[in-house]
Amino acid sequence: MKSEIGKLYIELNEEFNFYAPIKVKGNLEFKKILNPDDIVLDYYNSKVPPKEILFPKTDILFEYKTDGKNVTEIIERTDLDEKNIIFGIRPCDAHSFVILETFFAFGDVEDEIFLKKRANSLIIGIGCNTPRSTCFCTSIEGHPFMKDDMDIFLVDLGEKYLVEGISEKGKELMSRLKWLSDADRKDIKKARELYEQAEHSIETKLDLKDINKILDPHFEHPIWAEISDICIGCGTCSFLCPTCTCFDVIDEMDQYHNKGRRFRIWDTCQFCLYTLHTSGHNPRDSCIERCRNRILHKFCYYPENYNMLGCVGCGRCIQLCPVNNDLRVIIEKLNSIKTKKEEKVSA
Amino acid sequence: MHNPYIPKLTSIKDVVSENKVNDIKTLELEFQNDDDYKKFDYIPGQFAEISLIGKGECPIGIASSPTEEGTIKFTIKKMGTVTTGFHACEIGDIVGVRGPFGNGWPIEDMKGKDIVVIGGGFAFSTLRSLVVYLLDEKIRKDYKKITIIYGNRDSGEVLYQDVLEEWKKRDDIEVVLTIDREEKGWKGKVGFVAPIVKEVGPSSDNAVVVVCGPPIMIKTTIQVLEDLNFNDHQILNSLEMRMKCGIGKCGRCNIGNKYVCIDGPVFSLAELKNLPNEY
């Protein structure tokens with residue numbers, strides 16, 4: 001039963017940090033739950049993606065003490081060993097965790113701050129009964145009911161949830177919840193109906209197959225100026241993207257107490273300062289280059305480097321862009337480069 | 001846990017002012033922990049993220065050679081908060097070091113070849129590392145003729161005077177210094193780097209040329225090198241880019257799908273021609 005969420009919280013709260021969606025100043029956000037009554041279960045999706053749990057806006061790298069001038073002690077983080085439950089996330093956001101994990105593990109040096117938190121997090125996700133008009137997860141091999149990237153998968157049947165253990169970790173946790181009752185055939189049939197309904201409600205169909213092959217040879221193309229024409233460079237698309245990972249590193253010093261910390265803070269390739277050299281030279285000094293970098297990073301560099309798209313089709317960048325620079329339209333335009341080229345060849 | 005953002009601590013062993021206007025200094029650092037020094041296994045051309053607690057961190061090319069045992073050196077121009085902080089440092093102060101990062105000069109592939117080192121201004125730091133390395137008595141025999149062409153605006157800007165004097169005395173290396181304008185008492189060449197390279201005319205036969213300097217110098221020099229029949233694989237370049245993490249995570253140093261911090265900073269001209277023109 002849905003009312004049993006409180007029971008779940010009470011059972012797991014001791015052992016885990018329990019994250020779930022709550023309303024904060026009118027916005028839905030994933031936060032550590034202090035009172036299970038705050039949990040909101042009836043929602044489309046959060047404005048700020050749950051990536052924030054694993055990769056917070058500001059994330060401490062380490063803390064330190066000084067003698068007034070020089071460092072005397074470096075203090076490592078100890079909270080990364082804590083276990084987390086991330087409850088209520090959508091399949092698109094669960095898939096973003098797979099992308100983030102691939103990114104942070106790539107190369108010779110792994111980002112253990114992210115990876116450790118990720119490894120200690122158990123994901124209880126919910127199928128998306130009512131995708132928004134801006135959603136396009138089915139165009140990137142996702143699905144509103146995709147459960148592969150979760151540990152436990154729930155389907156909202158109205159009065160109750162259908163609960164399915166996916167990973168070993170998830171199954172083990174489920175076996176501890178003795179009060180769960182067996183699903184009957186009616187429940188499974190209803191879940192199947194919701195699955196199909198959700199799939200059919202996504203009207204956006206984008207052709208993203210081999211998009212990197214179209215983009216790669218067209219780094220210099222007039223289309224980038226066209227695409228960036230209305231962009232005001234606010235960075236909303238990247239700050240609220242569940243797969244964006246860029247960050248800045250800042251030192252903060254408390255000279256009165258002789259202590260401080262170094263932390264990372266979300267940054268975006270949409271800001272001109274992001275790439276500005278000390279010499280004054282800037283390799284991406286106009287909006288055209290910055291817009292191009294965002295698109296190419298997700299749809300060209302990600303497939304080339306990690307063999308996956310850097311997008312989950314959540315539609316946040318479309319829904320929240322203040323000037324309606326619609327990613328779906330951008331992709332259609334980019335696809336048209338190929339079509340035009342083919343037309344030319346056949347003519 | 002291995003937190004890749006925590007620096008290893010070093011103490012400043014020496015500070016050398018490198019130019020007349022005193023805005024470039026070389027810091028010599030000694031690791032506080034021997035084990036950290038042993039793990040800091042680097043080759044010429046790599047860089048490190050060096051930091052001052054409370055001020056911040058910045059990527060700087062390693063100016064010392066791995067053959068100079070015991071300490072590491074960084075040459076720093078006073079530009080912003082962190083580098084100004086470094087300039088205020090005294091012997092004994094503590095500096096954080098993370099690294100070494102990047103690919104470095106391809107010293108293995110360069111074996112058995114003539115090496116031409118072309119530098120301009122304060123970009124000479126990782127070239128100092130390379131030349132000191134090549135001139136080490138155990139290593140010198142692996143490489144053929146070494147030619148250095150090093151240009152500066154004026155004589156007051158010439159870095160590493162001490163090692164340059166030593167190099168000039170040796171007969172197994174040709175050192176050509178040049179400054180932009182005529183000066184009283186200057187014994188080297190006068191003129192921009194590109195025409196001086198043309199005048200020296202190094203042979204491209206079984207040679208590798210390493211170029212480091214301001215963009216305009218690189219551009220004009222490459223033109224001359226192409227006239228001297230150097231091909232794109234023989235011309236190596238070290239790129240600069242704004243960086244924060246040094247390990248390919250913070251995102252900002254990408255050129256296309258490559259990150260300068262992990263795939264570079266050294267690229268051959270052939271590699272650069274395959275990358276988008278965004279650096």
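Strand β5 (residues 83–89) of chain A runs parallel to strand β6 (residues 121–126) of chain A, and five bridges join the two; strands are said to pair if DSSP finds at least two bridges between them, and both helices (H or I, at least four residues) and strands (E, at least two) are DSSP runs, numbered from the N terminus. Within this pairing, A:I85 has A:L122 of β6(A) as its bridge partner. The model is predicted, and for that reason local features need pLDDT of at least 70 and side-chain atom pairs count only at pLDDT 80 or more, whereas totals for chains, interfaces and linings use all residues. Residues are numbered from 1 along each chain as its sequence is written, while chains are lettered from A and ligands numbered from 1 in the order in which they are written.

The two strands belong to an open sheet of six strands in chain A, with the order β2-β1-β5-β6-β7-β8 and mixed pairing. At its edges stand β2 (27–32) and β8 (161–165) of chain A, each of which pairs on one side only, and from one strand to the next the twist averages 20°. Across β6, β7 (152–156) and β8 of chain A lies helix α5 (residues 168–176) of chain A, which runs at about 125° to β8(A); here axes are lines fitted to C-alpha atoms, for helices over the stretch in contact, and angles run from 0 to 180 degrees between N-to-C directions.

Chain A also holds a second open sheet, made of four strands in the order β4-β3-β10-β9 with antiparallel pairing. Its edge strands are β4 and β9 of chain A, each pairing on one side only, and neighbouring strands of this sheet are turned by 25° against each other on average, direction ignored.

Among the helices of chain A, α3 (residues 91–105) and α4 (residues 112–119) pack at an angle of about 140°, with their axes 9 Å apart. That angle makes α3(A) oblique to α4(A), since angles under 35 degrees count as roughly parallel, over 145 as roughly antiparallel, 65 to 115 as roughly perpendicular and the rest as oblique. The contact (C-beta atoms, placed from the backbone, within 7 Å) is made by A:F97, A:L100, A:E101, A:F104 and A:A105 of α3(A) together with A:F114, A:L115 and A:R118 of α4(A). These contact residues divide into six nonpolar, no polar and two charged, where Ala, Val, Leu, Ile, Met, Phe, Trp, Tyr, Cys and Pro count as nonpolar, Asp, Glu, Lys and Arg as charged, and the others, Gly among them, as polar.

Taken as a whole, chain A contains twelve helices and ten strands, and its C-alpha trace spans about 70 × 65 × 40 Å along its principal axes. The radius of gyration of chain A is 22 Å, which agrees with the value near 20 Å that a compact globule of 347 residues would have; this radius is taken over C-alpha atoms, and the globule rule is 2.2 Å times the number of residues to the power 0.38.

Where the two chains meet, the contact takes 38 residues from chain A and 32 residues from chain B. On the side of chain A that touches chain B, at least two residues each come from β3 (58–66), β4 (71–75), α4, β9 (247–254) and α10 (287–306) of chain A, and β9(A) gives the largest share, five residues. The residues of this side of chain A divide into 20 nonpolar, nine polar and nine charged.

In chain B, strand β1 (residues 8–17) and strand β2 (residues 24–31) pair in the antiparallel sense over seven bridges, and B:I12 has B:L29 of β2(B) as its bridge partner. The two strands form a hairpin with six residues between them, and in the turn B:N22 has a positive phi of about 60°. β2(B) also pairs with strand β5 (residues 72–77) of chain B, in the antiparallel sense and over six bridges, where the bridge partner of B:L29 is B:I72.
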